[in-house]
Amino acid sequence: MKFTKLHGLGNDYVYVNCFEEDLSRVDLPELARRVSDRNFGIGGDGLILIMPSDRADFRMRVFNNDGSEAKNCGNGLRCVSKYVYDHGLTQQTTFTVETLGGTVTPVVSLGADGKVDQVTIDMGEPRFERAAIPMTGIPEEQVREEVIEVDGTSFTMTAVSMGNPHAILFVDEVKEEDVRHYGPMIEYHEWFPERTNVEFIQILNQEEILFRVWERGSGVTLACGTGACAAAVAAHLSGKTGRKVTVHLAGGDLFIEWKEADNRVYMTGPATEVFSGTYLGEIPFK
Ligand SMILES: N[C@@H](CCC[C@H](N)C(=O)O)C(=O)O
């Protein structure tokens with residue numbers, strides 16, 4: 001199986017071009033676990049398939065490194081955009097990509113070498129109702145600056161769906177050890193029937209947020225695009241930032257704008273291709 005390794009600010013996935021590779025008989029969750037393994041596989045935060053779509057120009061499927069399938073992935077979308085343009089699957093600098101969370105429209109900007117450098121993506125409208133996250137409780141109610149208690153510690157949390165669930169925790173100081181300790185407890189908290197991504201954010205000023213993430217199904221990663229969008233939305237809702245912010249992630253910066261005119265969230269950031277190769281490990285069939 002041919003693959004390409006790309007990352008968005010260090011959020012790295014193994015990408016397979018399914019216009020060329022037929023994975024229809026493959027056990028995809030198991031393949032994701034195998035290729036993601038950093039010792040026995042290729043290594044990555046998960047597996048992303050670039051596929052034909054019958055309703056958009058392309059389709060993206062995302063599997064976390066535990067094999068669970070996610071509805072959306074911001075860094076993945078930027079990398080898919082880079083891949084399809086740089087590898088000649090499209091000549092257009094804007095196109096549509098179908099995900100389980102809806103269809104999005106990336107716009108790529110080219111560097112001096114004619115390859116994709118930055119990608120801006122209309123990530124759609126954020127959702128706040130408990131039913132949309134999903135969270136237990138009254139379906140139409142929103143969770144805004146609510147207290148969640150884990151292991152004797154209280155966090156102020158706002159829940160946002162960007163096609164996938166995000167628990168945004170406002171903290172005075174982002175600490176790596178807290179992400180590793182409390183992240184998994186909140187991911188599996190009984191309030192979240194489909195688990196959740198967990199973001200720890202520290203507001204630096206009206207235009208900047210410091211951000212660390214515990215991703216559902218992948219653990220600590222260096223960046224999360226949908227998480228950065230959700231963090232920008234939650235911070236603005238609480239009156240802590242404006243509508244345009246720079247989010248400082250462990251792997252670098254993303255620029256996020258939640259536009260008032262259309263209520264949609266726009267994410268801009270880089271995508272990087274690192275290497276490609278042939279996976280010689282055993283392919284698990286269904
Ligand atoms: N890294 C991603 C999100 C990947 C999926 C997530 N772990 C989930 O299960 O929802 C991003 O950049 O958005």
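The buried residues of α1 pack against β2 (11-17), β3 (46-51) and β4. This is a predicted model. Helix α1 spans residues 28-36. Its buried residues are L31, A32, R33, R34, V35 and S36.

G43 sits in the loop that links α1 and β3. Is G43 buried or partly exposed? G43 has 14 other C-beta atoms within 10 Å. A buried residue needs 20 or more, and an exposed one has 12 or fewer, so G43 counts as partly exposed. Setting aside neighbours within four places in sequence, G43 is in contact with S36, D37 and R38. G43 and D12 are 31 residues apart in sequence, yet their C-alpha atoms are 8.3 Å apart in space.

The contact between them takes 21 residues from domain 1 and 20 residues from domain 2.

Which element gives the most to the side of domain 1 that touches domain 2? It is α2, with four residues. By type, that side of domain 1 divides into four nonpolar, 13 polar and four charged residues.

## The ligand

The ligand is surrounded by 19 residues. The closest are A70, N75, N164, G225 and T226. The shell holds four nonpolar, 13 polar and two charged residues.

Where does the ligand lie relative to the domains? Domain 1 and domain 2 both give residues to the shell, so the ligand lies between them.

## Helix α3

Helix α3 covers residues 176-187, which makes 12 residues. From its first C-alpha to its last, α3 reaches 16 Å. That is close to the 16 Å expected at 1.5 Å a residue. The buried residues of α3 are V179, Y182, G183 and I186. They lie on the same side of α3, because they cover an arc of only 125° around the axis. An α-helix has 3.6 residues a turn, so residues three or four places apart point the same way.

What do the buried residues of α3 pack against? The list is β9 (146-150), β10 (153-161), β11 (165-170), β12 (197-205), β13 (208-215) and β14 (219-221).

Conventions. Residues numbered from 1 in each chain as written. Predicted model: local features only at pLDDT ≥ 70, side-chain atom pairs only at ≥ 80, totals over all residues. Helix = DSSP H or I, 4+ residues; strand = E, 2+ residues; numbered from the N terminus. Expected span 1.5 Å × (residues − 1). Arc of directions from axis to C-beta. Contact = placed C-beta atoms within 7 Å. Near = placed C-beta within 6 Å. Nonpolar A, V, L, I, M, F, W, Y, C, P; charged D, E, K, R; others polar. Domains from an automatic or database assignment.
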